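Here's a short tour for someone meeting this structure for the first time.

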Amino acid sequence: MSLIRSGIRSLCPSTQRLARSPLACSLNCGQSKPVASGRSALRSRILPRQLTAPIRPSFHPPKMSTSCKINDGRSIDMPKVAVVGSGVAGLTCASELVKRGFDVSVFEQGRGVGGRMSTRRVTLEDKTELQFDHGVSYFTCSSPHFQDILAEWVEAGVVAPWEGRIGIMDIKGQKDRDGAVMIVDKEAPVGRKRYVGHPKMSSIGSHIISSSGVKVHAGTRVTGAQLSMDDKSAHGGGATWSLTTRSSNKPTQPHVVEGPFSAVVVADRQFASNSNVFMYGEVAPIETILDVKSMANVLQTVGNVSVFVLIVAFEHPVDIPHDGMLVENHNVVSSFYRDSSKPGRPAASGDQWVMHAGVNASKEYINMVSTSCAVGSEEYEKYLIGVADKMYDAFQEVLLEILPGTPLPPLLYKQAHRWKSAFPSQAVAPVDGCLIDDSKHLVACGDFCFEPSERPFGFVEAATLSGRAAAIKVAEICTR
């Protein structure tokens, strides 16, 4: 089936009616917006008002799920759904489904949840505790639908505005009388604040789990998937899934079969990535199912921007007035942020920074190691140390352009980290907000579905809304 809808009409936000033209509604209010048209698109699209609409499942007679009691004492089954990946898209989808009565299991191959909304914690030899937001440095909000979710996070105390001063510097630009590069302040977009997790970025994922009761199987890698089609199956009929998993840390342990599930949500593109052959000696799980090749093809063609980050801690603060910097015309450094300036961070643990390498430099670092080098191996750790040394030299170079002739504080810690699929290069489902295969009960969501309002700081918003759109679609599929 076609995964990317075609055909455009328009929807008037005032009347919620389809217009005859994509330019204006029949009332000529001039406010209409493009939406998909056609029978299949109308059945599954996610319209703006649907993003906040409650889902009220009317469950079918039970088969594969956890039983519960309804008001008159009768027992019904709750649809079981598997979510692969615990980034903000996967966790949002899972929590929305759990709130509406679904039995959801999240499978995460990493040790922790949150994806790029994660926090790296380090304990030094003298027991000093350091933490770094080594994925997303901060995020913004432009959608009223995301604003509702953001408000709940702020009220729960897991998100706070960051008032850090951000600047822009051009390495080849003008210098002042002391030889320092001139810096221009970068104001936040009008009406938008910069937000961070509180007291760390990973607090958001932890909150989503604790507030909804989502079951997360961390350190569990999905290695295969099985799909059976049966028109008599419950909860939407037609498809039943089981997943084969294995411990990420103990690859010699036997595989475990999980399920059955009424639907599967792919929130980690590793599920379809061809790099599984190099990393684990296995094909991507989705490749084992011939009937979903169209979904696999779309996921595998999403372009990625891989980046390296360097986390650095100094003994005391670097004497610059800015807490973040966008760097232009440097061959390595793209941006850097002072994590210790964010709200809720430990006050007496040095001065912590996260530096982001540019795309070209990241490609150069990636080519320094063989694709067959296993993550976590001794060879890979030596490789990361070499990358960290190169990145730190570049970071020093940029800081000394701001503070010419001023020695930097003593270094406490440095480490490089590679984000293999840091940023998608295009949105593949800007109308639906997620990829959908109705008949197979398979949905995919993530920041690669919606186009962010601001790159890269709008990807959290895009991923969250995509996760919510996926939950809406799964509820529709399983409760027909």
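Helix axes here are lines fitted to C-alpha atoms over the stretch in contact, and the angles between N-to-C directions run from 0 to 180 degrees. Helices (H or I, at least four residues) and strands (E, at least two) are DSSP runs, numbered from the N terminus. This is a predicted model, where local features need pLDDT of at least 70 and side-chain atom pairs count only at pLDDT 80 or more, while totals for chains, interfaces and linings use all residues. Residues are numbered from 1 along each chain as its sequence is written, and side-chain values use heavy atoms, leaving out hydrogens and water.

The score to know is pLDDT, the predictor's confidence in each residue, from 0 to 100. The chain averages 81, and 78% of the residues score at least 70. Take residues 1–75 with some care: their pLDDT stays under 50, and the model has 164 contacts for them beyond four places in sequence. Contact here means heavy atoms within 4.5 Å.

**Two helices that meet α4**

Start with helix α2 (residues 88–99) and helix α4 (residues 203–212), whose axes come within 10 Å and cross at roughly 15°. That makes α2 roughly parallel to α4. The cut-offs are simple: under 35 degrees is roughly parallel, over 145 roughly antiparallel, 65 to 115 roughly perpendicular, and the rest oblique. On the α2 side, L91, T92, S95 and V98 do the touching, and they meet G205, I208, I209 and S212 of α4. Sorted by class, this contact of α2 with α4 has four nonpolar, four polar and no charged residues. For those classes, Ala, Val, Leu, Ile, Met, Phe, Trp, Tyr, Cys and Pro count as nonpolar, Asp, Glu, Lys and Arg as charged, and the others, Gly among them, as polar.

Now look at helix α3 (residues 144–156): its axis and that of α4 come within 11 Å and cross at roughly 95°. The two are therefore roughly perpendicular to each other. Here E152, W153 and A156 in α3 meet I204, H207 and I208 in α4. The residues of this contact of α3 with α4 divide into four nonpolar, one polar and one charged.

Most residues other than glycine have a negative phi, and most peptide bonds are trans. Here are some exceptions to look up:

| Where | What | Angle |
|---|---|---|
| H198 to P199 | cis peptide bond | omega near 5° |
| G259 to P260 | cis peptide bond | omega about 0° |
| N329 | positive phi | phi near 65° |
| H441 | positive phi | phi near 55° |

P199 is in the loop between β12 (195–197) and α4, whereas P260 lies in strand β16 (residues 256–261). N329 sits in the loop between β19 (324–328) and β20 (333–338), and at 47% relative accessibility N329 counts as partly exposed. H441, in the loop between β23 and β24 (442–444), is buried, with a relative accessible area of 2%. Buried means under 20% relative accessible area, exposed over 50%, and partly exposed in between (1.4 Å probe, protein chains only).

**One more loop residue**

Which residues does A429 touch, leaving aside its neighbours within four places in sequence? They are C434, L435 and C449. A429 is found in the loop between β22 (411–424) and β23 (435–437), and A429 is buried, at 7% relative accessible area. Its C-alpha atom is separated by 10.0 Å from that of D447, 18 residues apart along the chain.
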